[in-house]
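Me: I have a model open on my screen and would like to learn how to read its side-chain features. Could you walk me through them?

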Amino acid sequence: MIYLRLFLSFMKIGFCSFGGMTMVPVIQDEVLRYGWMTPAEVMDIVAVAEMTPGSLGINCATFVGLRTVGVAGAVCASLGVMVPSLTICLVAANFILRLKGNKYLESAMRGVRPVSLGMLAAAAVTLSASTFFLEDWTGISWNMAAIAVITGYLLIKKQLTIPKTILIAAVLGLLIG
């Protein structure tokens, strides 16, 4: 039964998000709802999933499934998160060229953009809250705030590449995290 629940939960995540960081709030809701992980573990999974090659959704699904019930769970969760994308891509591939320039399609795409932005903002707020505040919400985690400021500066002002910035953040996390 846990395998089906993993599959369906990650299929829901795949259908209810637009990929990338927009998946984080949905993943967190599902994983916490079933007690598969703690909020801190979800943050760790997201961080590792971002650092490893591949899609955030598939990486998170694989890690959650593996941690929950092993390799079979990883396969179920990964397949679940892939089903929506594969289904939508197959259906869209049949129609997208025929509908190019269609005013309804163009209007729908204009509607998807703000939703995606809102989901990214929700992910940023969710991740920030659990990163920058202590677990008991009694104060700010200043070491995490310092890491964010340093890496933000390196990424934006010094235009360091994302992989290098992630590596520096990991080293800083080991040193002061």
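Me: Thanks! To start, how many disulfides does a search of the whole structure find?

Reply: First, some ground rules: this is a predicted model, where local features need pLDDT of at least 70 and side-chain atom pairs count only at pLDDT 80 or more, while totals for chains, interfaces and linings use all residues. Residues are numbered from 1 along each chain as its sequence is written, and side-chain values use heavy atoms, leaving out hydrogens and water. A disulfide is a pair of cysteine sulfur atoms within 2.5 Å. Here the search finds 0. Cys16 is in no disulfide, and its nearest cysteine sulfur, that of Cys60, is 16 Å away.

Me: Why is Cys60 called buried, and why is Cys16 called partly exposed?

Reply: The labels follow relative accessible area: buried means under 20%, exposed over 50%, and partly exposed in between, with a 1.4 Å probe and protein chains only. Cys60 is buried because its value is 0%. Cys16 has 44%, so Cys16 counts as partly exposed.

Me: Next, how many salt bridges does the search find?

Reply: The general idea is that side chains of opposite charge can pair when their charged atoms come close. A salt bridge needs a side-chain nitrogen of Lys or Arg within 4 Å of a carboxyl oxygen of Asp or Glu. The whole structure has 3. In one of them, Lys12 pairs with Glu30, with the closest N and O atoms 2.7 Å apart. That pair links distant parts of the chain, 18 residues apart: Lys12 is in helix α1 (residues 2–15) and Glu30 in helix α2 (residues 24–33). Helices are DSSP runs (H or I, at least four residues), numbered from the N terminus.

Me: Which other partner does Glu30 have in a salt bridge?

Reply: Glu30 also pairs with Arg33, at 2.4 Å between the closest N and O atoms. Both lie in helix α2, 3 residues apart, about one turn of the helix. Glu30 itself is buried, because its relative accessible area is 3%.

Key. Helices (H or I, at least four residues) and strands (E, at least two) are DSSP runs, numbered from the N terminus.
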